[in-house]
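The stops below follow one another; select each residue as it is named.

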Amino acid sequence: GKTTAVLSFARKFHLREIAEAGPFTGDGHERWPVCRVGLTGNTGMKDFNRAMLDFFGHPGEARGTTTQIGQRALDCFLSCEVRVLVVDDLHFLRPRNRSATEISNHFKYIANEFPVTLLFVGVGLAERGLFGEIDSDGDESLAQTGRRTTALTLDPFLIDTDEHRHHWRSLLLAIEQRLVLAGKYPGMLADHLPDYLFARSTGHIGSLMTLVARGCQRAIRTGAE
């Protein structure tokens, strides 16, 4: 649900900027208000810079030094007037890994030199030491990311109060609208399966969507839709 929520925000921000300022900049470049980069388990600085260039389809992402690729990325950000940089799966950074420290320092560089707001997405970032005052090796470089970041949480859905049950029902109604089944009807999930879906998913959006998708697949295969 974290990535989905952030991408929904990014899409709305992108469309708003395009509506207000137009699809092209004053110099005739395509306007791209948002850039999104996903981390992997072994992402280094050069990989990260290449990923930014790859987002823009830049032909120079496959060659050059880390610095050269970074400068090309900065040129793309300035030319396309990027305002938000989404960094997904930040939890892949490992504080004890040298590459993770380099990437964290690189974030500081981007925050200082690129005219963008960094939006990080990850799981258990505080527990992994990415927002601590100091890491296990006595290095404070990773902690700089935490000091410069405003943490926002995304809690699982609950049904212990009327308000929480209302939120859960609203979510199920929204999912119903997006189902593509021949025999779907209003309340199919929200009225007939709310307790079952909560018990199976424990209120976590990833588990819920997987369960709904599998149910739809079975309904289609068996003809019960």
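Begin at Glu81, which comes after helix 3 and has a positive phi, near 55°. Most residues other than glycine have a negative phi. The model is predicted, so local features need pLDDT of at least 70 and side-chain atom pairs count only at pLDDT 80 or more, while totals for chains, interfaces and linings use all residues. Residues are numbered from 1 along each chain as its sequence is written, and side-chain values use heavy atoms, with hydrogens and water left out.

Now select helix 3 (66-79). Helices here are DSSP runs of H or I with at least four residues, strands are runs of E with at least two, and both are numbered from the N terminus. Helix 3 has 14 residues and reaches 20 Å from its first C-alpha to its last, close to the 20 Å expected at 1.5 Å a residue; the expected span is 1.5 Å times one less than the number of residues. Its buried residues include Ile69, Ala73, Leu74 and Phe77. Buried means under 20% relative accessible area, exposed over 50%, and partly exposed in between (1.4 Å probe, protein chains only).

Next, show the largest nonpolar core, which has 25 residues; Phe48, Phe77 and Leu85 are among those with the most contacts inside it. Such a core is a set of buried Ala, Val, Leu, Ile, Met, Phe, Trp, Tyr and Cys residues joined through side-chain atoms within 4.5 Å. Two or more residues each come from strand 1 (34-38), helix 2 (45-55), helix 3, strand 2 (84-88) and helix 4 (98-113). Helix 3 gives the most, with five residues.

Move on to the second, separate core of 15 residues, where Trp168, Leu171, Leu189 and Leu211 are included.

Trp168 lies in helix 6 (residues 162-178) and Phe198 in helix 7 (residues 194-201), 30 residues apart. Both Trp168 and Phe198 are buried.

Finish at Thr202, in the loop between helix 7 and helix 8 (205-222). Thr202 has a positive phi, near 55°, and counts as partly exposed because its relative accessibility is 45%.
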